[in-house]
Amino acid sequence: MRYGSLLILNYFKSIFDSKANSIPAVISIIAIAISIFSLILVLSVMKGFDVKVKQKIIASFPHIIIKTNKEYDFSRFNEIKSFNKTFESYLGIILNKKFDIVQIKGVKDFNSIKKVSSKLDLNKFNESKDHLPVVVGRNFSHKYNKTIGDKFELLIPDFTHRKPKIKTIKGYIVGVSDISDVNTNRLYTTNKYAKDFIGHNTSFIEIVLTDPFRSKIVSNLIIKEFKELKFKVIDWQSVNFSLFNLMKLERISLAIFLSFLIVISATTIYSNMISLITQKKNEIGTLILLGSKKNSLIMVFTQIGFFVGLIGVIIGTFFATIVILLITKTNIINNLSIDLSFYGIDGFPIVFSATYYFYIILFSILIIIISSLLPSYFLLKKDVESLIRRDY
Amino acid sequence: MLLEVKNLTKQYENKVVLNEIELQINEGDFVSIIGPSGSGKSTLLNILSLISNQTSGTYNFLGESNKTILADYNYLINSRKKIGIMSNLSELIPDLSIKDNILLPGYIGNCLNEIDSVYKELINLANIVNLQNEKPINISSGERQRVLLCRALVLNPEILIADEPTSNLDESNALNLIEHLAYLNNKNNITIIIATHDQRIYTKTKIIYGLSNGKLN
């Protein structure tokens, strides 16, 4: 056995052999394990929120929107999965004698709306020219207790006159969709009906991509191809830039604050090492007298502190991984009846991120090395005479 | 000449512990420095062992000034390997076995294989073969002194410096230890310097110096 290993092994054993040293060492291990566990878990949840929110946006909204009334053919772009012409506007609605604001969205035809449960006979309905046919979402239907066949009043702002006016038309629910809209107050009608009833002349092209995360690149390709669309193309990442930045900032702030936990835990290793080295002062003096270099002794005591901290890192990482796996691979959150519908996302927001693991473990190890190195460095700077002198 | 001390003074704050010491030690000498407790024996041995520095005067260790040696850490480590130190202040490491304690200089110098035969000879000579796997806490003070002596000699040093080697030893153990030292001096021609106030020891040495009030006679 080599000299360094011999000392590390024996001093490491001696820590856990005596109560005076083992209790502080165990406290250090627990403190570091809890810090690592908290940091990994909180950041994984924050990252989970980020991922889930992005998934929700990608699933609910087009990935690129182009504000134009003209027709374009984007089928030559391989990365574009589908594109549709639509329009969006806001109307007033009077339901159950209450006023509310709703968004109306134009679609190519009613069949293009996801999972429309049933529809009225539009031919029969079309006989009445003063009713705007709309499809509503399931949430809208529940919220206002309205279903197929129900009518209501819609108030359309008309800015074509010098003095803005409000035009009143009748709305008529022709279908209820299972679409889980982020916006509950959204009505769907066809582009044709919208033009006839609302007279809206600003429309959009909504594009869905095969890889939504390449939206910026595809946007630039579109602009490059159709120069007149510059300033009219916007992708989902740019629209939600502030939200994503805010979430990132929140993650970084939490990471910084929780990192202090690791720093505070590491101070326990610092004090343990001071205590251990002070106890072993005369032995260290003897080792130096026998020819041991101070640097090799600094390395020995640094490694002892490091191994104590490493146990905490391993325990914390292990338990954090177990909890993440339990949440992601089992229904434990559902079984615990934790209601997450408030956040408008499906499932508990937690993800396993190897990058986070890497940075958290690297940071912890660095802090542990520093807190183990400093006491050895400062105490072993003393001359050998003061190290071997007995303090009675 | 192995060691040469000229006009050496050591002072702690205002207290003069060693005053203008003159000392010459040659190869094969068996020297005892005697004096009462607090007379400065350990301080002088610490300087001779290259542990501490003098306030003034010169000390040449194997022809080189100790100040030069102490200024260069690697040089100091190599020079210390030529001295075997047996002192009550040099601890046995409690967590290591007696064998590992004796072999520590070999572990440190990464020369365990080279000292194996010396180790075996020493433990036989010191009659501690049966203690090899014991921990220091389980051995008597006489055995402890013999273990310290073995550790001091395991690298075949040119000089052995022992500070109060018979303290805490009964008559029989003390005489036994002295016999060992005399044997080593005669057989291996090791230079031995002992600080003691034990009459049983210094009468066995070839040269006796008396240290009193910081002066060496």
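User: In which strand of chain A is A:E206 found?

Analyst: This is a predicted model, in which local features need pLDDT of at least 70 and side-chain atom pairs count only at pLDDT 80 or more, while totals for chains, interfaces and linings use all residues. Residues are numbered from 1 along each chain as its sequence is written, chains are lettered from A and ligands numbered from 1 in the order in which they are written, and side-chain values use heavy atoms, with hydrogens and water left out. Helices (H or I, at least four residues) and strands (E, at least two) are DSSP runs, numbered from the N terminus. By that numbering, A:E206 is found in strand β10 of chain A.

User: Is A:E206 buried or exposed?

Analyst: The terms rest on relative accessible area with a 1.4 Å probe and protein chains only: buried is under 20%, exposed is over 50%, and partly exposed is in between. Not counting residues up to four places away in sequence, A:E206 touches several residues, including A:I64, A:F83 and A:K105, where contact means heavy atoms within 4.5 Å. Because its relative accessible area is 15%, A:E206 is buried.

User: What kind of aromatic pair do A:F213 and A:W236 form?

Analyst: Rings of Phe, Tyr and Trp (its six-membered ring) pair if their centres lie within 6.5 Å, and planes under 30 degrees apart count as stacked, over 60 as edge-to-face and the rest as tilted. A:F213 lies in the loop between β10 (204-209) and α6 (215-225) of chain A and A:W236 in helix α7 (residues 236-239) of chain A, so that the pair links distant parts of the chain, 23 residues apart. A:F213 is partly exposed at 49%, whereas A:W236 is buried at 3% relative accessibility. With ring centres 5.5 Å apart and planes at 80°, the pair is edge-to-face.

User: Which residues do ring pairs link into a cluster?

Analyst: The whole structure holds 17 aromatic pairs over all chains. One of them joins A:F74 and A:F77, tilted, at 6.2 Å centre to centre and 45° between the planes, and both of these residues are buried. The cluster linked by ring pairs consists of A:Y72, A:F74, A:F77, A:F83 and A:F226.

User: In which helix do A:K192 and A:D196 both lie?

Analyst: A:K192 forms a salt bridge with A:D196, the closest N and O atoms being 3.5 Å apart, and both residues are exposed. They are four residues apart, about one turn of the helix, and that helix is α5 (residues 191-197) of chain A.

User: Which residue of chain B forms a salt bridge with A:K280?

Analyst: The contact between the chains takes 25 residues from chain B and 23 residues from chain A. Across this interface the rule finds one salt bridge. Its closest N and O atoms are 3.3 Å apart, and the partner of A:K280 is B:D95.

User: Which element gives the most residues to the side of chain B that touches chain A?

Analyst: The elements of chain B that give two or more residues to this side are α3 (73-80), α4 (98-109) and α6 (141-153). With five residues, the element that gives the most is α4(B).

How values were computed
Salt bridge = Lys/Arg side-chain N within 4 Å of Asp/Glu carboxyl O.
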